[in-house]
Amino acid sequence: MVSHLFFSQLMFLGLLWLCVMLHAAWPNACPGGEQRPSKPLPPPRKRSSDPQPFPGLTRKPPCAACAQAHAHRPQPPGCPPPRMVPARGRPRQVDTSQHFCPNTTCAYRGWVGWGNLQANGHPNRGLWRQLHCTACKGYFQETHGTLFHGKRVAPDLLVWAVGALAEGLGIRAVARVFEVDPNTVLQWLVEAADQLIAFSQYFLHDVQVTQVQLDELFALLSAVKAGEVSEAAAIERLSRSPHWVWTALDPVSKLLLTIDVGDRTLTMAQHVVHQVVQVLAPGGIPLFLTDGFKE
């Protein structure tokens, strides 16, 4: 039998041999020994708190309207001309403070209530008064720039006809009711639309909104509903020249900011966005909500 003393000595020699082998294999950490230069640890990365663009807007698309806006910036208005005050004669009885001279070469063009206009009677016994500009010596009717300019019909008839069109009555139906030509009603509608654009540009500005809902709607053909055109023919016609109605409104107040008709392209979308920005108050960019437009 192997004694316990021999087993203990054998265990001690084994541990001593293991320590010698570990000492030979372990790298020398003494100052005089050979050491490999250690690489410095890189500093910890700091996460940026700046908002990152979400996928789909990683680059700014080219916009012709932006380039045109920067190239042709509006110039500030010049100094107003001197106000004209009549020095002699009786005071003027006709109020002309709501009119301005439309002559492009006149220094008072666009200035309202500057004293340069005076009434000049009704030419040819007409319904509308003629105005005279004492600065440029020009004449024009008081209806210049309005829907009534150059019309020989009664103003009430024209107002009622345009009102019927706004209520949804067709052009031919309006022509039958008011006993006028359909082409005349169409011309009234076009001129009323131009007046509406000018009215919106004058009154709709500096709008305070928190968000804008932008959407495009496909224009349907009324001829399909009436049965005059088949659905296949309508689809083929719309595929050649599709029409989309672009709208932008405030979903809170239901205020219609802009409406336009055009193709469903990125250029048209940028054009509509520029129209919305022009009516908004400066300094505030609202949140646009869309239906996932893709060109």
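**View 1. Leu18 is partly exposed, at 42% relative accessible area.** Buried means under 20%, exposed over 50% and partly exposed in between, with a 1.4 Å probe and protein chains only. The model is predicted: local features need pLDDT of at least 70, side-chain atom pairs count only at pLDDT 80 or more, and totals for chains, interfaces and linings use all residues. Residues are numbered from 1 along each chain as its sequence is written, and side-chain values use heavy atoms, leaving out hydrogens and water. Leu18 lies in helix α1 (residues 4-25); helices are DSSP runs of H or I, at least four residues, and strands are runs of E, at least two, numbered from the N terminus.

**View 2. Three strands form an open sheet, ordered β1-β2-β3, with antiparallel pairing.** Strands β1 (117-119) and β3 (139-141) are at the edges with a single partner strand each, so one side of each lacks a neighbour in the sheet. Twist averages 35 degrees from one strand to the next; axes are lines fitted to C-alpha atoms, for helices over the stretch in contact, and angles run from 0 to 180 degrees between N-to-C directions. Strand β2 (residues 130-133) pairs with β3 over three bridges, antiparallel. Pairing requires at least two DSSP bridges between two strands. Leu131 is opposite Phe140 in β3.

**View 3. The structure has zero disulfides.** A disulfide is a pair of cysteine sulfur atoms within 2.5 Å. The closest cysteine sulfur to that of Cys101 is in Cys136, 3.6 Å away and too far for a bond. Cys133 is in no disulfide either; its nearest cysteine sulfur, that of Cys136, is 3.7 Å away. Cys101 is buried at 2% relative accessible area, and Cys133 is buried at 0%.
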